[in-house]
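Subject: A structure for you to look through

Dear colleague,

I am passing on the structure below, and after it I have written out what was found when going through it. Please keep the structure open beside this message while you read.

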Amino acid sequence: MDMKQLRKLDEYSYTVPKRADEDRSEVRLYGSAPLLESMDEMVLTQITNVARLPGLVGPAITMPDAHWGYGFPIGGVAAFDPDEGGIISAGGVGFDISCGIRCLRTNLELDEIAAHLPRLADALFRDIPAGVGEEGNLKLSTQELDQIMLEGAVWAVKRGYGVEADLEFIEEHGRMSGAVPGNVSDLAKKRQRGEMGTLGSGNHYLEVQVVERIYDEQAAQAYGLHVGQIVVSIHCGSRGLGHQIGTDYLVSLAKAASRLGITLPDRELACAPIKSPEGQAYLGAMNAAINVALANRQILAHLTRQSFAEVLPGARLTTLYDVSHNTCKLEKHQWEGRERHLYVHRKGATRALGPGHPAIPQQYRAVGQPVIIGGSMGTGSYVLAGTAESEAKAWSSASHGAGRAMSRKQALKHWRGRELIDELKERGILIRTKSLRGAAEEAPGAYKDVDLVAEATERAGLARRVAFLRPKVCIKG
């Protein structure tokens with residue numbers, strides 16, 4: 001990105017000066033100068049286009065891990081007021097609706113289980129269905145899938161996948177209201193019937209990690225984390241159903257924009273007013289997909305516990321938190337001295353509520369909501385805590401991952417899967433994957449430096465670092 005186009009506000013926030021003839025809202029980019037310089041020019045183009053959409057409240061925002069996406073940049077955040085013609089856009093949510101991370105803490109120490117990691121890796125790879133089109137053992141009828149779309153992780157717990165205590169530590173307590181299964185196409189449902197309890201491919205993963213560093217002792221204690229402890233992160237979303245919903249509604253939202261005279265700066269920003277029939281239809285389908293993703297991660301957490309129990313009897317895995325990063329949610333926020341009900345799009349961005357917020361589990365409320373920034377394969381992840389400052393800066397939002405620095409096609413020119421896996425093994429990281437090509441596409445060097453992203457997220461005031469997690473085992477599609 002050409003930094004000459006930006007105006008620096010402080011060391012970790014920038015804006016784009018507006019021309020006299022421009023009809024748009026403010027653009028706000030968070031991140032260090034090196035991170036912004038490394039971003040594709042399309043990030044700036046896309047977020048500036050978002051700033052032209054109707055009913056936007058406050059600035060159109062990018063996170064420190066932003067990169068080029070479909071419609072919104074990945075790492076884009078924007079809030080819209082339904083009473084002022086505010087819109088909802090499938091390109092502002094993402095195709096993998098409610099993609100997110102479930103983090104499980106354990107009662108295990110690395111020193112105690114290091115010798116068992118190869119066997120654990122094999123058990124997880126056997127038990128966690130992963131890969132393009134890979135199906136699990138759970139085959140659902142249309143009626144059962146409709147119920148999952150209504151109940152989310154609550155459905156999974158009722159059927160023995162996990163325990164009731166898990167629900168306290170999932171956004172929305174594991175069930176998103178407002179889901180309308182009837183708004184989801186038969187094709188989307190067909191794609192999902194065999195995919196519940198599956199990891200998928202691409203940048204999705206299951207990692208066994210060790211807590212290597214603690215930055216905030218108070219928050220770490222509240223989250224139940226300490227150095228040397230084993231944790232597990234599960235990164236996946238709503239699978240085929242979410243992708244199909246995104247595809248289906250691009251058409252109807254584009255037609256609505258045309259019918260209502262909404263000028264789209266980019267056709268990928270197909271949208272409709274939140275209060276329109278098309279906007280409401282997409283919301284009902286999107287909420288259904290959120291519930292599918294929450295149920296999917298709940299089932300995967302259960303399968304993970306079973307694998308651990310086989311290899312390490314006595315292992316206890318409890319949910320630290322489950323947070324999504326491709327959603328649009330109705331939230332209460334303060335803006336210009338009054339409370340507003342806004343629909344906040346977070347595409348490749350994590351909700352990051354500050355201390356005291358009633359939506360945070362009581363155990364964490366004094367320190368803020370857990371935020372999980374997933375790293376690239378073999379590099380590490382961060383647990384952070386939401387800040388009060390983030391409310392005013394970014395509608396209580398933070399980065400979600402390292403963010404791609406090059407395309408998958410470019411990555412294939414630089415790395416070979418087998419060589420990469422062997423190199424990571426020498427560094428003490430065991431990779432299990434069905435696709436050597438997929439491993440090369442997800443090479444650590446294809447992503448931004450997660451350490452720089454986490455540091456910039458903290459210094460921008462979006463969330464503060466709590467712990468760094470070093471991977472030991474990675475299961476991929």
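**The nonpolar cores**

The largest nonpolar core of the protein has 99 residues, and those with the most contacts inside it are Leu6, Ile234, Leu241, Ile245, Tyr282 and Phe308. The largest share of this core comes from helix 11, residues 277-311, which supplies 16 residues. A second, separate core has 33 residues, and it includes Cys103, Leu420, Ala467 and Cys474. As background, nonpolar side chains tend to be buried together in soluble globular proteins. Please bear in mind throughout that this is a predicted model.

**The protein as a whole**

The secondary structure of the protein comes to 16 helices and 19 strands. The radius of gyration is 21 Å, close to the 23 Å that the globule rule gives for 477 residues, so the protein is as compact as a globular protein of that length. Along its principal axes, the C-alpha trace spans about 65 × 50 × 45 Å.

How many of the 477 residues, as a percentage, count as buried? The share is 63%. The accessible surface comes to about 17500 Å², and 49% of that surface belongs to carbon and sulfur atoms. If you look at contacts with a separation of 6 or more, residues 24 or more positions apart account for 77% of them.

**Helix 5 and what follows it**

Helix 5 covers residues 142-151, and its buried residues are Leu145, Ile148, Met149 and Glu151. In general, an α-helix has 3.6 residues a turn, so residues three or four places apart point the same way. The buried residues of helix 5 pack against helix 6 (153-158), helix 8 (186-192), helix 10 (239-259) and helix 11. Helix 5 is followed by Gly152, and the phi of Gly152 is positive, near 60°.

Glu172 is not a glycine, yet it has a positive phi of about 60°. Glu172 is placed in the loop between helix 7 (164-167) and helix 8, and with a relative accessible area of 30% it is partly exposed.

Trp395 also is not a glycine, and its phi is positive, at about 55°. You will find Trp395 in the loop between helix 12 (389-394) and strand 17 (397-399). Is Trp395 buried or exposed? Its relative accessibility is 3%, so Trp395 counts as buried.

Asp322 lies in strand 11, residues 317-324, and because its relative accessible area is 0%, Asp322 is buried. Not counting residues up to four places away in sequence, Asp322 touches Ile101, Arg102, Phe169, Ile170, Glu171, Leu294 and Arg297.

Thr350 is found in strand 14, residues 349-351, and at 0% relative accessibility Thr350 counts as buried. When residues up to four places away in sequence are not counted, Thr350 touches a list of residues that includes Val323, Ser324, His325, Gln369, Val371 and Ile372, with Ser396 and His400 also among them.

Leu9 lies in strand 1, residues 7-10, and at 35% relative accessibility Leu9 counts as partly exposed. Leaving aside neighbours within four places in sequence, Leu9 is in contact with Tyr14, Thr15 and Arg28. Leu9 and Tyr30 are 21 residues apart along the chain, and their C-alpha atoms are separated by 9.9 Å.

Lys434 is placed in the loop between strand 18 (430-433) and helix 15 (436-441). Not counting residues up to four places away in sequence, Lys434 touches Phe125, Ala130, Glu134, Lys476 and Gly477. Lys434 and Ala33 are 401 residues apart along the chain, and the C-alpha atoms of this pair are separated by 38 Å.

With best wishes

Notes: Residues are numbered from 1 along each chain as its sequence is written. This is a predicted model: local features need pLDDT of at least 70, side-chain atom pairs count only at pLDDT 80 or more; totals for chains, interfaces and linings use all residues. Side-chain values use heavy atoms; hydrogens and water are left out. Helices (H or I, at least four residues) and strands (E, at least two) are DSSP runs, numbered from the N terminus. The radius of gyration is taken over C-alpha atoms; the globule rule is 2.2 Å times the number of residues to the power 0.38. Buried means under 20% relative accessible area, exposed over 50%, partly exposed in between (1.4 Å probe, protein chains only). Contact means heavy atoms within 4.5 Å. Accessible areas come from the Shrake-Rupley method with a 1.4 Å probe; for residues, only the protein chains shown count as cover. A nonpolar core is a set of buried Ala, Val, Leu, Ile, Met, Phe, Trp, Tyr and Cys residues joined through side-chain atoms within 4.5 Å.
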